[in-house]
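The sequence and the structure are shown first, and the description follows.

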Amino acid sequence: MISTGYKKLVVPTIVIIMAIALPFVIQAPYFQHIIIMIFIWATLGTAWNLLGGYAGQVSFGHAAFFGLGAYSAGLLIFHLNVSPWWGLALGPVISMLVAIPIGLVCFRLRGPYFALATLALGEIFRLVFTNWVSLTNGAQGILILNTFSTKIPYYFIAFLIWGISLIIVDRMIKSKLGYYFVSIREDQDAAESLGIPTTRYKMFALLPSAFIAGLVGAFYMNYIAFIDPHVVFSLSDISVMVILVVMMGGVATLLGPSIGAAIYIALSELFRAWLGSANVLAFGIIVCLVILFMPNGIIGELGTLKRLFIRQDKKAMVAGGN
């Protein structure tokens, strides 16, 4: 008999083996790039999901933490001639430190007011980094040389960062913190009446969320090798899209952001090839349809879909018997 502990290791082991083999099976650089971008968006979605999905604090400002991580890596080489890979250590820490005063201020607000405050946050960073030319090089951005000539090392680093983000979130939501997050999301007043310090636990959700966003931002700088404020602090391309990715895959589910990221990147590439500049409109229509007919996202609606298929199979069997 196989013990329960070993059974739990079977699926992760298979996933790791498949992930290790994948870049050697799919050797086309374009498809390797697609997979790396899926990991980037899956990690960023996982970061947002911890705060917005489990703790219920809908943030439109995660581009700020992503951009701070990216610039932490870029500025190291731009000003100090230090390898931007050190940004993988510096970027998450800076993002987390900046998140502390932001959380203390913004968590005084609730609902749409909190969302508007975080929306303004990302725009403030974009304007500051655009106009602080002596530090950030302004709108010209920062260009670096790629460290690796192939995409395989970037693939494994992206996969590792994604795995770390899943482990962090999984451990947190399965601990006592996860119960506090859900209680705050469902009814903050009731949570406070039970003696839960809601601001403190919101901060416990924000800090690792900002840490992960800063980490993936630093990796993005090293991989893409170019950033500017309009790219990494973008409201529409980063902050809004990460919310749509999570909603498509499934809010407050561990693998929902990863499923949403895979769909988003795949559809974006297909629509860009077929529809050109109209690809954003097509993707927006699909997101609207998902929200209307699958409000809990793909992962969240799996049970409903399963019951629907079982019902159809039973009808087909009855019809066949007749």
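In which helix is Ile-164 found? Ile-164 belongs to helix α7. The model described here is a predicted one.

## Ile-164 and its setting

Ile-164 has a relative accessible area of 36% and is therefore partly exposed, a class that lies between the limits of 20% and 50%. Along the sequence, Ile-164 and Ile-212 are separated by 48 residues, while their C-alpha atoms are 8.8 Å apart in space.

## Helices α2 and α7

Helix α7 covers residues 152-173, and helix α2 covers residues 29-54. The axes of these two helices come within 9 Å and cross at roughly 20°. Because an angle under 35 degrees counts as roughly parallel, α2 is described as roughly parallel to α7. The crossing of α2 past α7 is left-handed.

On the side of α2, the residues that meet α7 are Gln-32, Ile-35, Ile-36, Phe-39, Ala-42, Thr-43, Thr-46, Leu-50 and Tyr-54. Their partners in α7 include Ile-152, Tyr-154, Tyr-155, Ala-158, Phe-159, Ile-161 and Trp-162. By class, this contact of α2 with α7 comprises 17 nonpolar residues, four polar residues and no charged ones.

## Helices α3 and α4

Helix α3 spans residues 62-79 and helix α4 spans residues 87-106. They pack at an angle of about 140°, and their axes are 8 Å apart. This angle makes α3 oblique to α4. The crossing of the pair is right-handed.

From α3, the contact is made by Phe-65, Leu-68, Gly-69, Ser-72, Ala-73 and Leu-76. From α4, the residues taking part include Gly-87, Leu-90, Gly-91, Ile-94 and Ser-95. The contact of α3 with α4 holds nine nonpolar and five polar residues, and no charged residue.

The loop between α3 and α4 contains Asn-81. Asn-81 is not a glycine, yet it has a positive phi of about 55°. With a relative accessible area of 66%, Asn-81 is exposed.

## Helices α4 and α10

Helix α4 also meets α10. The axes of α4 and α10 come within 7 Å and cross at roughly 145°, and this crossing is right-handed. In α4 the residues concerned include Gly-87, Leu-88, Gly-91, Pro-92, Ser-95 and Met-96. In α10 they are Met-203, Leu-206, Leu-207, Ala-210, Phe-211, Gly-214, Leu-215, Ala-218 and Phe-219. The contact of α4 with α10 divides into 14 nonpolar, five polar and no charged residues.

Helix α10, residues 198-224, also contains Gly-217. Gly-217 has a relative accessibility of 0% and therefore counts as buried. Leaving out residues up to four places away in sequence, Gly-217 touches Phe-66, Gly-69 and Ala-70. Gly-217 and Tyr-71 are 146 residues apart in sequence, and the distance between their C-alpha atoms is 8.1 Å.

The loop between α10 and β2 (226-227) holds Ala-225. Although Ala-225 is not a glycine, its phi is positive, at about 70°. Ala-225 is buried, with a relative accessible area of 4%.

Neighbours within four places in sequence aside, Phe-219 is in contact with Ile-36, Ile-40, Trp-85, Leu-88, Tyr-154, Ile-157, Ala-158 and Ile-161. Among these contacts of Phe-219, Ile-36 in α2 and Tyr-154, Ala-158 and Ile-161 in α7 also take part in the contact of those two helices.

## Val-245 in helix α12

Where does Val-245 lie? Val-245 is in helix α12, which covers residues 235-249. Its relative accessible area is 0%, so Val-245 is buried. Apart from neighbours within four places in sequence, Val-245 is in contact with Trp-41, Gly-256, Pro-257, Gly-260, Ala-261 and Tyr-264.

The C-alpha atoms of Val-245 and Ala-21 are separated by 26 Å, and the two residues are 224 residues apart along the chain.

Definitions and conventions:
Residues numbered from 1 in each chain as written. Predicted model: local features only at pLDDT ≥ 70, side-chain atom pairs only at ≥ 80, totals over all residues. Heavy atoms only, no water. Contact = heavy atoms within 4.5 Å. Axes fitted to C-alpha atoms, helices over the stretch in contact; angles between N-to-C directions. Helix = DSSP H or I, 4+ residues; strand = E, 2+ residues; numbered from the N terminus. Parallel < 35°, antiparallel > 145°, perpendicular 65-115°, else oblique. Left-handed = near helix turned anticlockwise from the far one by under 90°. Nonpolar A, V, L, I, M, F, W, Y, C, P; charged D, E, K, R; others polar. Buried < 20%, exposed > 50% of the residue type's maximum accessible area, 1.4 Å probe, protein only.
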